[in-house]
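Me: I am new to reading protein models. Could you walk me through this one, feature by feature?

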Amino acid sequence: MDFSEANDTFFAECEELLSKIESGLLVLESDPRNEEEIHSLFRAIHTIKGSAGMFGYESIEDFAHTFENVLQKLRDQQIQVTEALIDTFLKSRDQLATLVSLASNAQSPDEACETQSNQLKEVLLAHLSGLADAARTTEGSVLQSAAADADQAESDPVPDSPVEPGLTATRHLIVTLHFRTQTFRDGFDPASFLRYLREKSGFIDVKLLPATLPALDQLDAESCYLSLQIELRTELDDTAIKAIFEFAADDVELSIEPRDATASPPGSGPAALTPDPAEQSTGAASQLASVASTDTSTALAINPAPEDLDDETEAEAAKSGNNRNLTENKRTFLRVDSEKLDVLVNFVGELVTSSAHILQIARTFGIKEVIESTEELSALVSEIRDSALQLRMIPIGQVLNKFQRIVRDISHELGKDVELRIFGAETELDKSVIESLSDPLMHIIRNAIDHGIESEADRSAAGKAARGTITINSWHETGEIVIEVSDDGKGIHRERVLSKAMELGYINAGENPTDSEIFKYLFYPGFSTAGSVTNLSGRGVGLDVVQKNIDSLRGKVGIQSRTGAGTTFQIRLPLTLAIIDGFLVRVANSSFVIPLDMMDECIELGHDDHVDGQMDVMNIRGEALGIIDTAQLYNLPDSHTTVRRNIVVIRYGDQRTGLLVDELLGEVQSVIKPMGKIYGKLAGIGGSTILGDGTVALIIDVASTLELARHARALPGRLPDRKLVGA
Amino acid sequence: MEFEIHHVSEGATILPRGELTIYKVAQVQKQLIEIVQTADRLFLDLEGLDSIDTAGLQLLMSLKLYCHQHNKELQITNHPGALIALLDLYGLAGFFGDKIKLGPEQRQTWPFAYGTRKISLDEVLTRP
């Protein structure tokens, strides 16, 4: 059987599950009683564990096993959801992701990674004993030491104050632990428990009980023979100590005694192993005997077999009256190699060009039946084209959702309370565009949290809610996708930006720029008005990179801000897919294609309405329509008024404008070819296309054409301003 | 697990490579039983050990007991960090009696506050 394909599927599945787990944990954080989410998390980890085992990825299976055990306790309502628990879960999820990633590159975890896994496992186990607050301390010290350099001393555990429950004055105790034979097989490593106990108390000595371990030829390697006696000083009371081992209660027998003065002192060397030989060995023997007899009866209480577990979870899923699982299953998804998709889209492109060619020939010959047929063909090709291009479209929510985690982490790091709200997550855009958007959005969000949202104290003082909000909103406009990132923070300090821009020489004294003109300098290199450079931002390298990224997507980004109220970044990206539905027009001797979805209507000018180049407003059914003389705009040779001229009315946002052209040549569908690098950012032109007869037509980029015209002549109206989307 | 074995005049040097965890101990036990017959002085170089857990530690302990029982010498060298951590935790330095090289930072992480005195292996051993 060929496992390599199944192997790839395993990694793909793990990625999906890990992503689901992350969002599930964030949901659980804000809705701690969400049982359905807990079940779903459990199932996800269970699946990862099982599959990892099947493919022999032991480190993954092992780690997932501990993770699963804790989730099980949560599911059985033996522990509660706390922030510390979610934190631990998130870190554990990250570790699991690291292990999976290593495995998918056929690498084994190195020592540092193993240490990290072990430490996280301990923290997970700590949560089980219900010492959630203690776990927080442990987490702090344990995880810090994982991150610390090798030459930093391990920090001592923070001593608990004696008034906390579970603690007493320091006692000197002997704790005896007998780990049962099944311990290893049940998935436990006694070292985890011992380490945790050692963190919480001072170990004075650890001794092996006599006659514990057989020699190599008599050994059952997978059975656990360890019996230990630990002498320690601790503030934990008996219940707290027992609680540490409670999770493995079926596999360990524990007894606690005070170490009184009659017992031999720890420093007596070899004798320590046999302080009171007779008593000790009979004591041990009798304990071992009791272990043996109870072994069989308790063996069944230990973790049920995996098959039982699955039945159990399935029964639960059926029982829990919600049908979300069922409805989710109705939409099936197919995993497709994206290269195959690209090949398909290429062919569709060729198909479009080819059928356009045929249509043109048909029109030339003027045979009615042929024209009708080919028009039908064109329509079908159109449908295929739309479907093919839709395949590459992904809802933007997929990229936006991961920001939930990032916002959470950064706001914790900076000590601010920030919430992320996402609207329009279903808005779709092309897969490759989504990937390029991730970084710019990340920068903008970091800026918003770092510089935009004030501290809780400042916000309260300003009469705002203590929790700051970042809103991401996304929607389609004609031919574009708009993405807005808003915060309700303190806004951008106009004066500071202005003075910095002057300092850098971008603005001269005496100029009076508008707010949006000032803010656009924030995207210039070297610009940072932040007082201090933080880890995240303020180094003056953020926004100019954002500008570059968005430029490469042929998009635009702008800022609006109100002091004290907040800031909004607005990104507009063209939805120009590889194939354009356009309307072909002739201006002088050149052909232009106007995107069909930007067109409102066409108006034929009568002989009397001749244009003399001065006219820039026309009265259309009572509406004042600004007119752009396209020939003049592009400096094309003037064609004369003997040719009837036409106006193509285009719509951008809520603004209508007329383009004055010579001839209307009808609808075309053709493949967009981007302008070569040498043309850089050609104002007004968004690409070129090859028509059916082989000639080249330039595609009009409506937005930049309007801007160009605005600069060239005072065109009534302005580029539309979007309102800030309110909270 | 793979074992590289060199026979020298003093005895046999054994270099295992891989993991010594619950998943592997049964297999390694079989291999070790065979290897141990080949010499009376065994030098176990653990540099190639990727990871070790308590089950693996227990196996090493059992190996030590076997050698003791059959008058063989067992010396362990080049302890990996994971093993040192376990020896520190369980206080087993004295059990094995090997020299463990520790740098100053390592001494802080693994203080070996107990368990460094040699103990009687006979007492630990279970006889059938």
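Me: What is the mean pLDDT of chain B?

Reply: The general idea comes first: pLDDT is the predictor's confidence in each residue, from 0 to 100. Where pLDDT is low, the predicted coordinates should not be read in detail. Chain B has a mean pLDDT of 90, and 98% of its residues reach 70 or more. For the complex, the predictor gives an ipTM of 0.93 and a pTM of 0.44.

Me: How many residues of chain B are in contact with chain A?

Reply: Contact means heavy atoms within 4.5 Å. By that rule, 43 residues of chain B are in contact with 42 residues of chain A. Buried area is the accessible area (1.4 Å probe) that two parts lose on being put together, summed over both. Here the two chains bury about 3,800 Å² between them, with 61% of it on carbon and sulfur atoms.

Me: Which salt bridge joins Glu58(A) to chain B?

Reply: Side chains of opposite charge can pair when their charged atoms come close. The rule for a salt bridge asks for a side-chain nitrogen of Lys or Arg within 4 Å of a carboxyl oxygen of Asp or Glu. Across the interface of chain B and chain A it finds two salt bridges. In one of them, Glu58(A) meets Lys24(B) at 3.8 Å, N to O.

Me: Which helices of chain B supply residues to the side that touches chain A?

Reply: Helices (H or I, at least four residues) and strands (E, at least two) are DSSP runs, numbered from the N terminus. On chain B, helices H1 (25-36), H2 (54-69), H3 (81-90), H5 (104-109) and H6 (121-124) each supply at least two residues of the side that touches chain A. H2(B) gives the most, with ten residues.

Me: What salt bridges can I look at inside a chain?

Reply: Over all chains, the search finds 38 salt bridges. One of them pairs Glu454(A) with Arg459(A) at 2.9 Å, N to O. Buried means under 20% relative accessible area, exposed over 50%, and partly exposed in between (1.4 Å probe, protein chains only). Glu454(A) is buried at 9%, and Arg459(A) is buried at 1%.
In chain B, Asp40(B) and Lys72(B) meet in a salt bridge at 3.3 Å, N to O. Asp40(B) lies in the loop between H1 and strand S3 (41-45) and Lys72(B) in the loop between H2 and strand S5 (73-77), so the pair ties together parts that are 32 residues apart in sequence. Asp40(B) is exposed at 52%, whereas Lys72(B) is buried at 14%.

Me: Is Ala588(A) buried or exposed?

Reply: Ala588(A) is buried, with a relative accessible area of 5%. The loop that holds Ala588(A) runs between strand S12 (579-587) and strand S13 (590-595) of chain A. Ala588(A) has a positive phi of about 55 degrees although it is not a glycine.
Ala106(A) also has a positive phi of about 55 degrees without being a glycine. Its loop lies between helix H4 (83-104) and helix H5 (111-128) of chain A, and Ala106(A) counts as exposed at 74% relative accessibility.

Technical notes. Residues are numbered from 1 along each chain as its sequence is written. Chains are lettered from A and ligands numbered from 1 in the order in which they are written. This is a predicted model: local features need pLDDT of at least 70, side-chain atom pairs count only at pLDDT 80 or more; totals for chains, interfaces and linings use all residues. Side-chain values use heavy atoms; hydrogens and water are left out.
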